[in-house]
Amino acid sequence: AIEIARYLLKRENANPDLHRLLGVILMQASKEDEAVRHFKSLLEQFANDDDLVRLARSNLSVIYVNREDYAAGERELEILMEKYPDDIGVFNDLGYLWADQGKNLERAETMIRKAVEGAPENGAYLDSLGWVLFKRGKLKEAVEPLEKAAKLLGDTDATITDHLGDIYFQLREYSKAKAAWETAMKAAQSAKPPDKRLKEILKKLDALKVLQNSPNPKPVSGENP
């Protein structure tokens, strides 16, 4: 697929759809270095194409975060937010990134709520809202958006049901936590390549089994099980 996309680009180098296609394929093939070069070249070649600029910077942010270079990932999203101050997708992505790191939580919640208001049936945005509420200690309030997100996307997205399991665990609803993590495990196993969070999900299930077999089960301290 990469070879075909590159062949077509030699014939139609100004075609933004082909550039978009190649970038997506490179990411799916885990060719991150090539994807970074490609997206950076799009920012130079199509600086006035808002759709491609959004695509390039958003995907650069994803790659940097996957490499645990969170500062670089945030920087790409902050550039987008400055250029497109009404883009709810950027609100969600940056808000979630902050929430996941436990920083700027009040502002992150405000941004994510704006995203949810703009797209109330978007499972990814609802997951972000549940997660930032969890990080802020609003456990009961976090359940509703995450349960809704799980109904929309939970069978295919390990992140959402993993988050839901974390919240159920902290609320001491262990049977629900087990069911959520088992759903997350199946989604992570079926992903291609397998979701990198699979190892942690399995650890949580093992720890929950030990906890439930103890005389007086108590949740561990801290934000996450």
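This is a predicted model: local features need pLDDT of at least 70, side-chain atom pairs count only at pLDDT 80 or more; totals for chains, interfaces and linings use all residues.
Local features were taken only where pLDDT is at least 70, and side-chain atom pairs only at pLDDT 80 or more, whereas totals for chains, interfaces and linings use all residues. Residues are numbered from 1 along each chain as its sequence is written, and side-chain values use heavy atoms, with hydrogens and water left out.

**Salt bridges**

Side chains of opposite charge can pair when their charged atoms come close. A salt bridge is defined here as a side-chain nitrogen of Lys or Arg within 4 Å of a carboxyl oxygen of Asp or Glu. By this rule the model has 19 salt bridges. The table lists three of them, with the distance between nitrogen and oxygen.

| Pair | N to O distance |
|---|---|
| E34 and R6 | 2.6 Å |
| R20 and D17 | 2.6 Å |
| R113 and E109 | 2.9 Å |

The salt bridge between E34 and R6 links distant parts of the chain: E34 belongs to helix α3 (residues 32-45) and R6 to helix α1 (residues 2-11), 28 residues apart. Helices are DSSP runs (H or I, at least four residues), numbered from the N terminus. Accessibility is classed by relative accessible area, with buried under 20%, exposed over 50% and partly exposed in between (1.4 Å probe, protein chains only). E34 is partly exposed at 23%, and R6 is partly exposed at 37%.

R20 and D17 both lie in helix α2 (residues 16-28), where three residues, about one turn of the helix, separate them. R20 has a relative accessible area of 27% and is partly exposed.

In helix α7 (residues 105-118), R113 and E109 are four residues apart, so about one helical turn lies between them. R113 is partly exposed at 29%, whereas E109 is buried at 6%. Both residues belong to a network of salt bridges that also includes R136, K138 and E141.

**Contact of helices α9 and α10**

The axes of helix α9 (residues 139-153) and helix α10 (residues 158-170) come within 9 Å and cross at roughly 150°. Axes are lines fitted to C-alpha atoms over the stretch in contact, with angles from 0 to 180 degrees between N-to-C directions. Because angles over 145 degrees count as roughly antiparallel, α9 is roughly antiparallel to α10. Contact (heavy atoms within 4.5 Å) involves residues including L139, A142, V143 and L146 of α9 and I160, T161, H163 and L164 of α10. By class, the contact has eleven nonpolar, three polar and one charged residues. Nonpolar covers Ala, Val, Leu, Ile, Met, Phe, Trp, Tyr, Cys and Pro, charged covers Asp, Glu, Lys and Arg, and the others, Gly among them, are polar.

Technical notes:
Helices (H or I, at least four residues) and strands (E, at least two) are DSSP runs, numbered from the N terminus. Angles under 35 degrees count as roughly parallel, over 145 as roughly antiparallel, 65 to 115 as roughly perpendicular and the rest as oblique.
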